[in-house]
Amino acid sequence: MLKHHLFQQALPVLEQIEKAGFEAYFVGGCVRDALLGKDISDVDIATSAFPQEVKHIFKKTVDVGIEHGTVMVLFNDNTYEVTTFRTESTYQDFRRPDKVEFVRSLEEDLKRRDFTINALAMDRRGHLYDFHNGQVDLHHQCIRAVGCAHERFHEDALRMMRAVRFAGQLGFEIDDKTQEGIQKNAHLLKKIAVERIQVEWEKLMMSSFKKNGIDIFLKTGLYRYCPEFAEHKDALQRLGNDVFVLETDAMYWAILLYYMGIKDIDAKQVLKSWKLSNQLIDDVSILLRILFFRKERDWTVDDLFQIGKRLSVQGETLAYLLCLTSEKTEVADLYDALPIKTVKDLALNGKEIMALLQKETGGKYLGELIEKIRVNVLHSVLENDKEELTRFVKENRE
């Protein structure tokens with residue numbers, strides 16, 4: 001359990017806290033993933049030391065969330081989030097507790113965790129602390145709320161999305177009572193910021209067992225409280241049934257919007273409702289455009305030039321997977337064979353063209369002439385050769 005290098009790196013942090021007279025444990029997902037034999041991306045540390053006590057133990061700290069008990073510790077060129085054991089009061093907004101109370105008890109702290117498989121702790125000697133039968137649920141591949149599911153989801157409604165996301169990532173089933181709790185409280189998802197829902201949804205979309213999670217996402221009605229999803233249950237089910245393993249989140253979004261029947265011109269409005277980045281919105285819109293034109297025709301040099309290699313390859317991959325084209329075009333080779341990839345590749349630049357035309361300033365004429373040259377070179381009417389382009393400029397002077 002402790003052989004992973006991230007545990008080994010962090011052990012001195014636990015040791016130093018214990019030397020100061022407090023308890024310290026690895027908690028949550030890192031313990032769960034270690035028990036499952038999965039790779040660990042980071043470690044979370046919980047302690048009986050209160051935030052000011054943690055700050056006193058270590059020389060370098062940052063108050064990243066001290067009001068909720070979290071102090072970032074800088075130790076041996078690494079950073080660790082160290083959080084004080086705590087209990088939480090009522091949750092007025094279904095997301096954040098009204099009040100956090102620091103405690104000295106690990107057992108009390110683990111009671112507030114979302115699911116039994118995450119309510120696990122391990123000390124620096126590798127001893128496990130499991131007050132809610134999380135190891136049994138791991139063995140049975142079951143996602144079960146800690147205590148009363150209704151209470152856990154009322155405390156933090158995002159936990160319902162986390163449940164279906166874990167079902168997708170781990171391939172686990174969700175316990176009946178927990179699933180019932182999701183169904184009864186699905187409407188509370190409206191209280192959660194879209195950005196937080198989006199993070200969980202994208203992890204589910206890209207998960208290895210997404211059918212598991214999406215089936216429950218639909219069965220419990222969670223989808224009804226996500227932007228633009230309420231009327232598209234069939235499209236979501238179709239996405240869940242896909243066995244495609246795709247490279248990027250943009251590719252998954254593009255397939256989903258294609259199933260929803262949304263064209264590229266309408267995609268931006270849908271994706272903005274999910275608060276996605278402008279770059280991701282642009283990428284998805286372009287991939288959708290590719291899907292719709294590949295149903296009708298082959299690639300042109302203009303398509304390749306405008307779209308670029310990265311998205312052209314991704315779009316062709318999607319078109320082939322969706323059987324929009326019977327034969328996959330080697331788009332990367334076609335793109336590499338283009339005589340120019342950008343206007344900057346032209347053998348003549350704007351200043352040189354102005355000099356040939358004896359013009360001191362640019363303007364509409366220059367943009368139009370460069371565009372003519374670009375089109376002719378791209379379509380191999382002209383060679384991208386300085387002498388040939390010079391001749392063309394002189395012949396097309398006004």
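A nonpolar core is a set of buried Ala, Val, Leu, Ile, Met, Phe, Trp, Tyr and Cys residues joined through side-chain atoms within 4.5 Å. In this predicted model, the largest such core has 123 residues, of which Phe26, Trp201, Phe217, Phe229 and Trp253 touch the most other members. Helix 12 supplies the largest share of this core, 10 residues.

**Nonpolar cores**
- Trp201 is in contact with Met161, Ile214, Phe217, Phe229, Leu236, Leu239, Trp253, Leu256 and Trp274, leaving aside residues up to four places away in sequence.
- In soluble globular proteins, nonpolar side chains tend to be buried together.

**Aromatic pairs and cluster**
- The structure contains 14 aromatic pairs.
- One of these is formed by Trp253 and Trp274, with an edge-to-face arrangement, 5.4 Å from centre to centre and 65° between the planes.
- Trp253 belongs to helix 12 (residues 249–259), whereas Trp274 is in the loop between helix 13 (264–273) and helix 14 (278–294), so their pair ties together parts 21 residues apart in sequence.
- Both Trp253 and Trp274 are buried.
- A single aromatic cluster is formed by Trp201, Phe217, Phe229, Trp253 and Trp274.

**Charges over rings**
- Arg104 places its charged end over the ring of Phe50, 3.8 Å from the ring centre.
- Over the face of Phe292 lies Lys263, at 4.9 Å from the centre of that ring.

Notes. Residues are numbered from 1 along each chain as its sequence is written. This is a predicted model: local features need pLDDT of at least 70, side-chain atom pairs count only at pLDDT 80 or more; totals for chains, interfaces and linings use all residues. Side-chain values use heavy atoms; hydrogens and water are left out. Rings of Phe, Tyr and Trp (its six-membered ring) pair if their centres lie within 6.5 Å; planes under 30 degrees apart count as stacked, over 60 as edge-to-face and the rest as tilted. Helices (H or I, at least four residues) and strands (E, at least two) are DSSP runs, numbered from the N terminus. Buried means under 20% relative accessible area, exposed over 50%, partly exposed in between (1.4 Å probe, protein chains only). A charge sits over a ring if NZ of Lys or CZ of Arg is within 6 Å of the ring centre and within 35 degrees of the ring normal. Contact means heavy atoms within 4.5 Å.
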